[in-house]
Every structure is written in C-alpha cells, then in structure tokens.
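Please look over the sequence and the fold shown here.

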Amino acid sequence: MAFDKNGKEPNQIGHKLYIISMLVEDRFGVLQRIAGVFSRRGFNMDTITVGKTHTTGVSRMTITTTGNEKIVEQMVKQLSKLVETLKVSDVNETESVVREIALVKVHSPDFASRSEILNYADIFRAKIVNVGKSSMIIEITGDYEKIDAFLDLIKPFGIKELVRTGLTAMQRE
C-alpha cells in the first residue's frame, strides 16, 4: 500500500512512499544484492531496518522507497527471485502496525524549558532517557506523522542531534 511520507499529495505524479517487508537468509552479501536491485532500477532506499527474527538464520528487512506502483511491483518480483529471499511483501499500512523510533537531543538550559519539554514528551508518550546540564535526550516511538509532529513542537528549543531508525512493520492478523 502506498502513502506519501509527509501525509500529503505526492510531489511527482504517481510517486508515493512504499514499505517493502522481506524475510531473508542471514548471509554475507544479501544486503548488497538487494541494494543492487534498487540501484539497477534507479530507486533509492529511503530507509532500511534489518534485524534477526525468532527463526535462526533468518532476518527481516523493512525498506521504504518512493516510486510508482508499477515499478515497485516489478521490484518486489525481482527481489523475490533472489536466492536468499524467503518472502517479500508490499506492506499495506492499514493492515499493519508501522513504527519508527527516534532519539532527540534537545537544548534545555533552564527549568522552564525542561518543564515544557517534559509536558510535550508526556503528551506524545515519549521517554526521557538522559538528562544533562543543558540538554535532554528523548526517545519517541510511533508512526512518522507522530514523530514529525513531536519534532515540530520541540524544534524551537533547539534540536542538537536527531537519530531515526526508519520504519519497521508487521502485518496484523
């Protein structure tokens, strides 16, 4: 299922953000072959997350890319043909749980700013994971819209550093 990564109209006709979920053998060179499929088609991996699954020797990759439906369908078919690929699916956002984690180091030099940042973190169910003399590190989990909304609110305080994991997804039953 396709959606615009900013929740708005796509900037090019027919170009939207797609989430591709893959189960692959956990072997040397798999990522390089998958990246080659994207490279040959002239597409960028906007985000990629990889992690081991509950099955020994199997990893899950979640890749986001921007393109049109026809080309993404063809890429999914080509990814399926790779020897190490066990399963590939174009994730439907409404039938899946889609999440991202962000760590944000925000400038907080005084009590007033810390108090306001703590209130925003509470509203967004974010966690304060570190407090320093003039900054705080906040962990927030959610869909990209929630994280973007949180970042917009705390931007005036001064974001010192930001790390985002990229999307990961799992289909619902």
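A residue counts as buried under 20% relative accessible area, as exposed over 50%, and as partly exposed in between. The model is predicted. Arg 164, at 31% relative accessibility, is therefore partly exposed.

**Helix α1**

Helix α1 covers residues 30–41. Its 12 residues should span 16 Å at 1.5 Å a residue, and the end C-alpha atoms lie 17 Å apart, so the two values agree. Val 30, Ile 34, Gly 36, Val 37 and Phe 38 are buried in α1. Their cover includes β2 (16–25), β4 (58–67) and α2 (69–80). Just after the helix, Gly 42 has a positive phi of about 75°.

**Cores and a surface patch**

The largest nonpolar core has 18 residues, and Ile 20, Met 22, Ile 34, Phe 38 and Leu 79 touch the most other members. At least two residues of this core come from each of β2, α1, β4 and α2. A second, separate core holds 16 residues, including Ala 102, Ala 121, Phe 124 and Phe 157.

Which residues does Met 22 touch, leaving aside those up to four places away in sequence? Among them are Ile 34, Met 61, Ile 63, Leu 79 and Val 88. Ser 59, Arg 60, Thr 85 and Lys 87 are also contacts of Met 22.

On the surface, Leu 31, Ile 48 and Val 50 form a nonpolar patch with about 240 Å² of accessible area together. Ile 48 sits in strand β3 (residues 47–52). With a relative accessible area of 32%, Ile 48 is partly exposed.

**Salt bridges**

Side chains of opposite charge can pair when their charged atoms come close. The whole structure has eight salt bridges. The table lists three of them.

| Pair | N to O distance |
|---|---|
| Lys 52 and Asp 26 | 2.7 Å |
| Arg 33 and Glu 84 | 2.8 Å |
| Arg 164 and Asp 148 | 2.8 Å |

Lys 52 and Asp 26 form a salt bridge. This pair links strand β3 to the loop between β2 and α1, 26 residues apart. Lys 52 is exposed at 68%, whereas Asp 26 is partly exposed at 39%.

Arg 33 and Glu 84 also meet in a salt bridge. Arg 33 is in helix α1 and Glu 84 in the loop between α2 and β5 (85–90), so the pair ties together parts 51 residues apart in sequence. Is Glu 84 buried or exposed? Glu 84 is buried, at 6% relative accessible area. Arg 33 is partly exposed at 34%.

Arg 164 pairs with Asp 148. Arg 164 lies in strand β9 (residues 159–164) and Asp 148 in helix α4 (residues 144–154), so this bridge ties together parts 16 residues apart in sequence. Asp 148 is partly exposed at 25%. Salt bridges with shared partners also join Glu 25, Arg 27, Arg 33 and Glu 84 into one network.

Methods: Residues are numbered from 1 along each chain as its sequence is written. This is a predicted model: local features need pLDDT of at least 70, side-chain atom pairs count only at pLDDT 80 or more; totals for chains, interfaces and linings use all residues. Side-chain values use heavy atoms; hydrogens and water are left out. Helices (H or I, at least four residues) and strands (E, at least two) are DSSP runs, numbered from the N terminus. The expected span of a helix is 1.5 Å times one less than its number of residues. Buried means under 20% relative accessible area, exposed over 50%, partly exposed in between (1.4 Å probe, protein chains only). Contact means heavy atoms within 4.5 Å. A nonpolar core is a set of buried Ala, Val, Leu, Ile, Met, Phe, Trp, Tyr and Cys residues joined through side-chain atoms within 4.5 Å. Patches are made of residues with over 30% relative accessible area and no salt bridge: like charges are joined within 9 Å, nonpolar side chains (Val, Leu, Ile, Met, Phe, Trp, Tyr) within 5 Å. Accessible areas come from the Shrake-Rupley method with a 1.4 Å probe; for residues, only the protein chains shown count as cover. A salt bridge is a side-chain nitrogen of Lys or Arg within 4 Å of a carboxyl oxygen of Asp or Glu.
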